[in-house]
Amino acid sequence: MPEPLTAPRVVLVGPPGSGKSTVAAALGERWQLAVRDTDADVEATAGKSIPELFVDDGEPHFRALESAAVLAALAEHDGVLALGGGAVLDLGTQQALDDYASGGGVVVFLDVTLTHAAPRVGFNQSRPLLLGNPRAQWAALMEARRPIYERLATITVLTDDLRPTEVAERIETEL
Ligand code: S3P
């Protein structure tokens, strides 16, 4: 297995279906680094699933838990971190990611087109923001967020035709 010159700290951002969780796992395996996921942290803190959180407590409450989870993970976690797709909407999170990148951390934007995101996401009940007309919702989310993902990114990888291990290789090459 190729070894990176250093063990980088990496944060993955991107929309649902861009492969953040699977690429985080591939990077963790490749570099033997711990992997953390803010969606899982939020669910652990709340003691319920994200769909339940949206229904019971509303999106603003979810976002508050999410921004706290991101700040905690950035402060504590030495390894690979996957953020929920909408985490970058929070201004405090944007500032924290800028600081993280200034301090040598790498923010990777996993870009993806709708055609490739759709089968990965499955557009099932697990993503409350994609209910209704999932394709149109996804496209609207991506259009609104793309400038933020692009501005925050140290590296961008288009994941469309790549397997998670190939995305991990591409990231390592671009470090
Ligand atoms: C969201 C993405 C989800 C999850 C929540 C909201 C979003 O994470 O945090 O459903 O706003 O795009 P994934 O990007 O891992 O699907």
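pLDDT is the predictor's confidence in each residue, on a scale from 0 to 100. This is a predicted model, in which local features need pLDDT of at least 70 and side-chain atom pairs count only at pLDDT 80 or more, while totals for chains, interfaces and linings use all residues. Residues are numbered from 1 along each chain as its sequence is written.

**View 1. Confidence of the model.** The protein chain averages a pLDDT of 92. Of its residues, 94% score at least 70. For the complex, the predictor gives an ipTM of 0.98 and a pTM of 0.93. Where pLDDT is low, the predicted coordinates should not be read in detail.

**View 2. An open sheet of five strands.** The strand order is β2-β3-β1-β4-β5, with parallel pairing. β2 (34–37) and β5 (155–158) are the edge strands, and each pairs on one side only. Neighbouring strands are turned by 20° against each other on average, direction ignored. Strands (E, at least two residues) and helices (H or I, at least four) are DSSP runs, numbered from the N terminus. Two strands pair if DSSP finds at least two bridges between them. Axes are lines fitted to C-alpha atoms, for helices over the stretch in contact; angles run from 0 to 180 degrees between N-to-C directions.

**View 3. Strand β4 and its partners.** β4 (residues 106–111) runs parallel to β1 (residues 10–13), joined by four bridges. Leu12 has Val108 of β4 as its bridge partner. β4 also pairs with β5 in the parallel sense, over four bridges. There, Val108 stands opposite Ile155. Five of the six residues of β4 are buried. Helix α7 (residues 134–152) lies across β1, β4 and β5, at about 145° to β4.

View 4. Ala69 is found in helix α4 (residues 59–76). Ala69 is buried because 25 other C-beta atoms lie within 10 Å. The cut-offs are 20 or more such atoms within 10 Å for buried, 12 or fewer for exposed, and partly exposed in between, with C-beta atoms placed from the backbone. Not counting residues up to four places away in sequence, Ala69 touches Thr38, Asp41, Val42 and Thr45. Contact means C-beta atoms, placed from the backbone, within 7 Å.

**View 5. The shell around the ligand.** The surrounding residues are Pro16, Lys20, Asp39, Ile50, Gly84, Gly85, Gly86, Arg127, Pro128, Leu129 and Leu141. Each has its C-beta atom, placed from the backbone, within 6 Å of the ligand. The shell divides into five nonpolar, three polar and three charged residues. Ala, Val, Leu, Ile, Met, Phe, Trp, Tyr, Cys and Pro count as nonpolar, Asp, Glu, Lys and Arg as charged, and the others, Gly among them, as polar.

Note on methods. Contact = placed C-beta atoms within 7 Å.
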